[in-house]
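New notebook page. I'm opening this structure for the first time and jotting down what I look up as I go.

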Amino acid sequence: MTHDVRGVIARAKGAPAELTRVLVPDPGPGEALVAIQACGVCHTDLHYREAGIGEDFPYLLGHEAAGVVEAVGEGVTGVAPGDFVVLNWRAVCGECRACRRGRPWYCFATHNASQKMTLADGTPLSPALGIGAFVDKTLVAAGQCTKVDPAAPAEVAGLLGCGVMAGLGAALNTAPVVRGDTVAVIGCGGVGDAAILGAQLAGARTIIGVDVDPRKLEWARQFGATHVINSRETDPVERIRELTGGFGADVVIEAIGRPETYEQAFYARDLAGTVVLVGVPTPRMRLDMPLLDFFGRGGALKSSWYGDCLPERDFPMLTDLYLQGRLPLDKFVTETIGLDDVEEAFAKMERGEVLRSVVKL
């Protein structure tokens with residue numbers, strides 16, 4: 001059986017997101033059909049639309065989602081119809097060299113659905129991050145479905161599928177921030193604010209938010225920043241040092257993905273501090289810095305891919321923290337919209353007007 005549903009696609013580089021018919025097959029072996037209830041509008045989807053990740057058009061956009069499993073294919077035992085799930089793009093294989101070494105968050109062989117979703121004329125679609133969730137129903141590998149408590153609203157739980165998890169994980173898993181650390185976060189959008197929230201959860205004593213937008217700096221305070229710096233007005237490196245006893249921060253998280261802000265992060269850390277890159281650069285970006293400075297500063301330079309999360313470990317735990325009132329995920333939801341509003345949501349994102357627009361279906 002094929003399901004005829006609505007979905008948002010990008011047909012070509014720079015083309016506006018378009019609402020159209022999508023055909024979704026019934027799940028085959030190892031696959032699951034999920035009825036999407038909510039999906040966040042993430043900057044990664046804009047990267048897909050602009051060919052910043054690849055050029056395998058047309059793309060079925062959307063990936064930061066939660067919904068209910070409608071059907072499963074042969075051999076699926078981990079989820080069943082009726083389960084409330086958050087979708088993830090790290091369906092670990094359990095067999096690659098990273099998994100065998102006990103580091104499944106680095107899995108080198110994550111898997112997606114084998115069958116293709118298509119346009120009405122049969123053109124195969126490339127689902128964003130192997131998910132494609134700006135659609136009424138999507139087909140994924142069953143391992144991409146992580147069961148969480150259904151008491152959590154879908155528009156909140158779905159945020160764990162990408163941006164919020166990336167920021168929280170950069171602080172909690174990748175750095176990791178420990179009690180008493182000083183932390184600076186450069187870029188106070190959704191990912192950066194999640195990193196600030198993660199630093200607060202970990203017990204950081206000083207948390208510094210850096211941005212050029214006063215509205216985003218106010219958001220940073222709401223998520224736990226003890227100090228904020230407008231880098232249009234103040235040298236962020238010097239000010240971070242002033243706020244950390246002249247030494248620099250123990251952890252600096254770069255949540256923009258630009259060479260100039262990465263360089264700021266590098267020099268704003270303590271001599272043995274840690275830099276975490278969680279912002280996503282574009283393929284043509286380059287960094288030109290003295291190699292001697294890398295040699296002379298020690299510490300660690302890390303990249304955080306999906307917050308180094310393990311979905312089956314992290315999603316249920318973070319959902320429980322939300323339901324206990326200890327993790328204010330609902331603060332990230334600026335607005336809820338329909339499928340036909342995705343293009344305008346991209347524009348609002350680029351103008352810095354929202355933390356997250358969330359599509360509700």
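Before I start on the strands, a working rule: I call two strands paired if DSSP finds at least two bridges between them. Also a reminder to myself that this is a predicted model.

**Entry 1: strands side by side.** I looked up β15 (residues 269-277) first. β15 pairs with strand β16 (residues 300-303) in the parallel sense, over four bridges.

Then I checked β14 (residues 249-254), which runs parallel to β15 and is joined to it by five bridges. Here I wrote down Glu254, which has Leu277 of β15 as its bridge partner. The link from β14 to β15 is helix α8 (residues 259-268), and that β-α-β crossover is right-handed too.

**Entry 2: a covered helix.** How many residues of helix α4 are buried? I counted through residues 163-174 and got 10 of 12, so I'm using under 20% relative accessible area as my cut-off for buried. Among them are Gly163, Val164, Met165, Leu168 and Thr174. What covers them? The cover of the buried α4 residues includes the strands from my previous entry, β14, β15 and β16, along with β5 (64-72), α5 (190-202) and α10 (311-323).

**Entry 3: one glycine.** Next I picked Gly209, which sits in strand β12 (residues 206-211). Is Gly209 buried or exposed? It is buried, with a relative accessible area of 0%. Leaving out residues up to four places away in sequence, Gly209 touches Val185, Cys188, Ile196, Leu217, Ala225, His227, Val228 and Ile229. I also checked Phe223: it is 14 residues from Gly209 in sequence, and the two C-alpha atoms are 9.9 Å apart.

**Entry 4: stepping back.** The chain has 11 helices and 18 strands. Its radius of gyration is 20 Å, close to the 21 Å that the globule rule gives for 361 residues, so the chain is as compact as a globular protein of that length. The C-alpha atoms fill a box of roughly 65 × 40 × 40 Å along the principal axes.

I also noted that 56% of the 361 residues count as buried. Among contacts between residues at least 6 apart in sequence, 69% join residues at least 24 apart.

Notes. Residues numbered from 1 in each chain as written. Predicted model: local features only at pLDDT ≥ 70, side-chain atom pairs only at ≥ 80, totals over all residues. Heavy atoms only, no water. Helix = DSSP H or I, 4+ residues; strand = E, 2+ residues; numbered from the N terminus. Buried < 20%, exposed > 50% of the residue type's maximum accessible area, 1.4 Å probe, protein only. Contact = heavy atoms within 4.5 Å. Right-handed = clockwise from strand over helix to strand, strands pointing away. Rg over C-alpha atoms; globule rule 2.2 N^0.38 Å.
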